[in-house]
Amino acid sequence: MALSIKVTRYANPHVFVPAVEPSLSATREWQNCLPIGIYNEYISCTPPQPATGISPDSGFTLLSTHDPTSSEICLVAAKSPSYNCLGIFSAVPISSLDVPAHVAAIVDKLHMDGFPAAFNGDARLVDVICAVVAKRRGPGARIFTETEFVGAVVTPDTLSPTPLAHKILPDPAHKIRRVSYPADERHHDLLAEMHRDMLAEARGSDVPYDYSSRYVRDTVARGDAWVYFIGDAPIASCYCGRSTRSGKSINVVYTKKGFRRNGYAESLVGEVCRRLFEELKYVALFFQEGSSAAGIYRRLGFGGDEEREFLQKDARVE
């Protein structure tokens, strides 16, 4: 007789994060860089704020499933008060897991709280949980895919030489460096506007200057802001984050209009990776397959096989 899957429900993020982070980091650290980074925000000094009408206590859903024999953590699922979307991730190789059984156990627990509006995570998990939720909701329930991104990693062994770097970086007017304040305070407004322009291009809508200004300041304060300069002018930026035990993620790469298709972004990302590899073992990022950025990242050595990339999916059930 099959053993039942145990599900743990955690009372709050301060119990949840230290309980699941070691398992998420043990063998699949880079694949779980997204949840690890998000979960650390749950216990930061500025945790996710509740959406209107939701209290902090009722807004969190924090779950994990366990191997019925060893009790090791297998799947981890979490939703914060600010976003009615459940992220689902695996602490063990997905190919070795009875995904339908573990997902069904999570859905049983979700049924007590009401199903979230959306789901995200590795597509192999999201597809299953959406199918189970749709079946539980009954005839007429439909699954909609919102976005799909490739999660990919590069290591010191797989990073490729930047084809154009040897041509442009020796020019003394071209420099790539980590920015810091107050030394680079004079560039702040331009960097914030570049970030704002990036979001406008990506989302098709304007965001307040204050939002981009705060994002840039926070990233600079962490030491995660890298900029390509020509002379004293910033022309491309690369912002990192989601630090884990042995790696980091690239969150934003942007080149100003008028400077594109010159190899600056590729040179910037390649150089940032080389600098980070002085201390870290991997760099991860997410991109849309078929985009111009995808070509840059693949030329640099990101992804390449099932151990170095996976499909990240956002979907909803209605």
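**Reading the cysteines, cores and confidence**

Modeller: The sulfur of C238 lies 4.4 Å from the closest cysteine sulfur, that of C240, which is too far for a bond, a disulfide being a pair of cysteine sulfur atoms within 2.5 Å. C240 is likewise in no disulfide, its nearest cysteine sulfur being that of C238, and the structure as a whole holds zero disulfides. This is a predicted model, in which local features need pLDDT of at least 70 and side-chain atom pairs count only at pLDDT 80 or more, whereas totals for chains, interfaces and linings use all residues. Residues are numbered from 1 along each chain as its sequence is written, and side-chain values use heavy atoms, with hydrogens and water left out.

Colleague: Is C238 buried or exposed?

Modeller: C238 counts as buried because its relative accessibility is 0%, and C240 is buried at 0% as well (buried is under 20% relative accessible area, exposed over 50%, partly exposed in between, with a 1.4 Å probe and protein chains only).

Colleague: Which residues touch the most other members of the largest nonpolar core?

Modeller: A nonpolar core is a set of buried Ala, Val, Leu, Ile, Met, Phe, Trp, Tyr and Cys residues joined through side-chain atoms within 4.5 Å. The largest here has 29 residues, of which I250, L268, C273, V283 and F302 touch the most other members. Its largest share, seven residues, comes from helix 9 (helices, H or I of at least four residues, and strands, E of at least two, are DSSP runs numbered from the N terminus). Beyond four places in sequence, C273 is in contact (heavy atoms within 4.5 Å) with V154, L159, I250, V283 and F302. Another core, of 27 residues, lies apart from this one and includes L86, A105, V132 and V133.

Colleague: How should I read D314, and what is the nearest side chain of opposite charge?

Modeller: D314 sits in strand 12, residues 309-317. D314 is buried yet has no salt bridge, since a side-chain nitrogen of Lys or Arg must come within 4 Å of a carboxyl oxygen of Asp or Glu, and the nearest side chain of opposite charge, K313, is 9.9 Å away. Among the residues that D314 touches beyond four places in sequence are F119, N120 and F144.

Colleague: Where does pLDDT stay under 50?

Modeller: With pLDDT as the predictor's confidence in each residue, from 0 to 100, the protein's mean is 91, and 92% of its residues reach 70 or more. Residues 51-57 stay under 50, and the model has seven contacts for them beyond four places in sequence. Where pLDDT is low, the predicted coordinates should not be read in detail.

Terms used:
Lys and Arg count as positive and Asp and Glu as negative; His and the chain ends are not counted.
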